[in-house]
Amino acid sequence: MKQRLGQKWRPDFWFFVRFMVIASMCLFIVYPFYTILTKSIFSDKVEGVTLYNFVRFFTKEYYYQPLIRSIVVCSTTVLTSLLIGVPIAYVLTRYNVPGKTLVHILIIMSLMSPPFIGAYSWIILAGRQGIVTKLITSLGLPAPTIYGKGGIIFVFTLHLFPYIYLYTSGAMNSIDASLEEAAENLGMSKLKRIWTVTLPVVLPSILAGCVMVFMTCLADFGTPMLMGEGYVVLPVLVYNEYMSESATNPYMASALSVIIVSCSLLVLMFQKLVIDKRNYMMSSLRPPQETKLHGWKRFLVSLPIYIVVFLAFLPQIVVICQSFIERSFSGMVKGINLNNYRFISAKLATNIKNTYVFSLIAIVFIIFVGILVSYVLVRKKGKVANIIDTLIMFPYVIPGSVLGIGLIIAFNRKPMILVGTSAIMIISYVIRKLPYTVRSGTAFLYQMDPFVEEASINLGVSPLKTFFTVTARMMLPGVMSGAVLSWITCINELSSSIMLYSGKTSTIAIAIYQEVTHMNDGPASALATILTVTTIISLLIVFRATKGKVKIV
Amino acid sequence: MSNEVIIKDAVKRYGDFTALNGVSLNIKEGEFFTLLGPSGCGKTTLLRMIAGFNSIEAGDFYFGDKRINDVPAHKRDIGMVFQNYAIFPHLTVKENVAYGLKARKVGKKEMEERVAEALKLVQIEHLADRKPNELSGGQQQRVALARAFVIEPSVLLMDEPLSNLDAKLRVQMRTVIKKLQRRLGITTIYVTHDQEEALAISDRIAVMKDGNIMQIGTPNEIYAKPQNPFVAGFIGVSNFLDCDVQGGKVTIQGEMTIEIPVKKEFTGKGKLSARPEQLFFSETGMPGKVLFSTFLGDFIEYEVELDNGQSLIVNEYTKDTAAVHEDGKRVFLNFDPNRISLYIAETGEVLSK
């Protein structure tokens, strides 16, 4: 900001906003990560600064194997998600699949469902006591196991292929129809057209989807923890290393965190260097026409999509059904009733209350801070805004469990003892889920006419009052869709909560995890139903409000 | 307080780029004053400095005798109409117009009266309770106008207010604006790049180029007596002819010598500028042939190639002529020496009186 000579510079409101945002980000993002970094180069086995932890990581199979496994699981999931997501995107955007809006909504819903519900449901269905397992073995066939590598990849794929679908169909809808017509006009056959024109043009978006899938897999803790059994991946190793009662080792856990974050950073760098450079900016003047299919052709094209979407949505149906079944300790069905709900409202009421109270407080902060930050990023560009922009997206790179460890190490000593409080849970929610809201806020501001603000100022309303009465007022519906995504991911949050909770601040997601590990299917499914139903209702509200144009990616 | 606007040596820089290079203006009370120039000439920059949205690097801005350099935008008491109207999308038409009155804490009854009167003046009283997204471009334009003048500002600023309308509506709205301004008598500063619009609407015009003012004058002065070749070329169509000047004697390419009344003695290369309607076919003058003719109803536009190879545009009114000159016909072009403009070729300084 250039200031005129002779005029004293006075800090204004936006100076304080920038200052506060930077200060809190330094305190709650930079500082925790810094403590992780410093912890990782120390050890209780060796004096002074050392690479002992890292040497141990790369020489002991116990440590480096989970890294290899994580990479294998993530890469395979990306591949399988591509195989499912890209064809679905193509068919849904180009053909008259019956009920395509519903299919689209169901795909988004399965993406937004609590991440570990997939794992849990598939254990109910195909685990050792599972219905499907029993059915297959009763036919005298060997049932495939859902535990371990295969199961994790299967559940990840069904949960995350929507990312590929959403990115690809977004790009497909923005191709100008004349592009493919030009190829046709030049004598290309249909398949060749897809291969030589359509796919290369949407490739950057597909790759961006791949990055999302890879990063989410790499950071996810719940699914491999529940299904992995002996198959330990990186986030599970971090958890074991830090939380296991026998040998808590914050130094090694920190080193592992550094390694996970490095992997994520590598992927992000790949995105910046390879994908972003090839992004073709397109303004679709005439989106491609839908091809009308009839009879068995239409059926044949639609059926595989229905099957995939059914499988992806099945976990939510399973938990809801399961929640009404009362079982004995041996797993026998005792009856269909509301006893599971009676049990959780008696024993786990605190968890339910905590989930909603924490998330509500977090979401109020997120909306408030989100609007201010979006405004700074779009309208007050400069060095400070750039720093905020980078820092705010940092939680995308840091997996929840790593951020959790960072917050614990940073705030378990004087002067700021926050570990075990509700505050630290809420802080972790705000930091991790703010990006959704900021993204929808900035997107809205970029298309909002800046002259509207000037008109208000010109008519005699001060800039600050204009911001609150005009700009923020107009932004509110714009950030709402992002805020609902923040809200949904808050109530379903597990990976950082499980590091940060104490007896008093436990949430639904944590309770589900504990009940599942103790084989208490009933309460777990009742709790999961509460989350699923809340998620679905929240999403339906956004769909309503945005007329189906909610932006997830 | 008198509502004249005085600007002294206004300067605006963006990095190395000088957007305004010491501009001075004296806009009279109640005047309709237009800043006209091609894009990037600094006209909008200057307007936004007056409004308070651009900082003032150097120079002094006065409303009457009050210096406004350090008055923040929301306290300048200026009405402004934006290029894209900038209507508050979440407020109704009535609420939009009342917005500035609310900020001024005008009483409820008075506010309702003034809003109603303003809406009536721009003829949209029947749309008072609509939301902006239910309005056409022309109607939104009227809301923006009403919102700007209802606060009875000391100065009204308009930033290319008609550029988003289609051609027909543009002509219609510029008459609405002009009549309204006459009636309310608000000092108005208007920005446009459309020379026809500027000529039609303004009391006075400042033609700008590269951050400098090229000429200030009434539409007639600017059209008839452009003070430099840029203004001659930017306003309307002009034919330029190279010539040699010796005192008042002007020799055009060694072929034709005429006497032009000049302001001062000068000997050297000159440049003549003549409007297409200032040239006419004659028995004597510059020899050439008709290349191409376009019949445009009330006049015919000819492209004439002189024998030295230069082509000129000549307009002949159909009411003054019996027949269309055919392509290829040999002709002589002449003009009235008292009405065309003569400049020094090198500096562009005007010589003709």
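Start in chain B. Select strand 12 and strand 13 of chain B: they form a hairpin with three residues between them, and B:Gln253 in the turn has a positive phi of about 45 degrees. Strands here are DSSP E runs of at least two residues and helices are H or I runs of at least four, both numbered from the N terminus.

This is a predicted model, in which local features need pLDDT of at least 70, side-chain atom pairs count only at pLDDT 80 or more, and totals for chains, interfaces and linings use all residues. Residues are numbered from 1 along each chain as its sequence is written, while chains are lettered from A and ligands numbered from 1 in the order in which they are written.

**Stop 1: the hairpins**

Stay on strand 12 of chain B. Its pairing with strand 13 (residues 256-259) of chain B is antiparallel, over four bridges. Two strands count as paired if DSSP finds at least two bridges between them.

Three bridges pair it, in the antiparallel sense, with strand 12 (residues 249-252) of chain B. B:Asp244 is opposite B:Thr251. Strands 11 and 12 of chain B also make a hairpin, with two residues between them. Pick B:Gly247 in that turn; its phi is positive, about 65 degrees.

**Stop 2: the whole sheet**

Find B:Asn239 and its bridge partner in strand 14 of chain B, B:Ala274.

**Stop 3: the interface**

Show both chains. On chain B, 19 residues are in contact with 17 residues of chain A; contact means C-beta atoms, placed from the backbone, within 7 Å. Select strand 6 (78-81) and helix 2 (93-103) of chain B: each supplies at least two residues of the side that touches chain A. Helix 2 of chain B gives the largest share, three residues. By type, this side of chain B has 12 nonpolar, five polar and two charged residues. Ala, Val, Leu, Ile, Met, Phe, Trp, Tyr, Cys and Pro count as nonpolar, Asp, Glu, Lys and Arg as charged, and the others, Gly among them, as polar.

**Stop 4: chain A and the cores**

Colour chain A by secondary structure: 24 helices and four strands. Its radius of gyration is 25 Å, close to the 24 Å that the globule rule gives for 553 residues, so chain A is as compact as a globular protein of that length. The radius is taken over C-alpha atoms, and the rule is 2.2 Å times the number of residues to the power 0.38.

Buried residues make up 46% of chain A; buried means 20 or more other C-beta atoms within 10 Å of a residue's own, with C-beta atoms placed from the backbone.

Next, select A:Tyr120 and A:Leu527, the residues with the most contacts inside the largest nonpolar core, of 153 residues. Such a core is a set of buried Ala, Val, Leu, Ile, Met, Phe, Trp, Tyr and Cys residues joined through C-beta atoms within 7 Å. Helix 7 (residues 149-173) of chain A gives the most to this core, 15 residues. Apart from it lies another core of 76 residues, including B:Met49 and B:Val81.

Note on methods: A residue is buried if 20 or more other C-beta atoms lie within 10 Å of its own, exposed if 12 or fewer, and partly exposed in between; C-beta atoms are placed from the backbone. Two residues are in contact if their C-beta atoms, placed from the backbone, lie within 7 Å.
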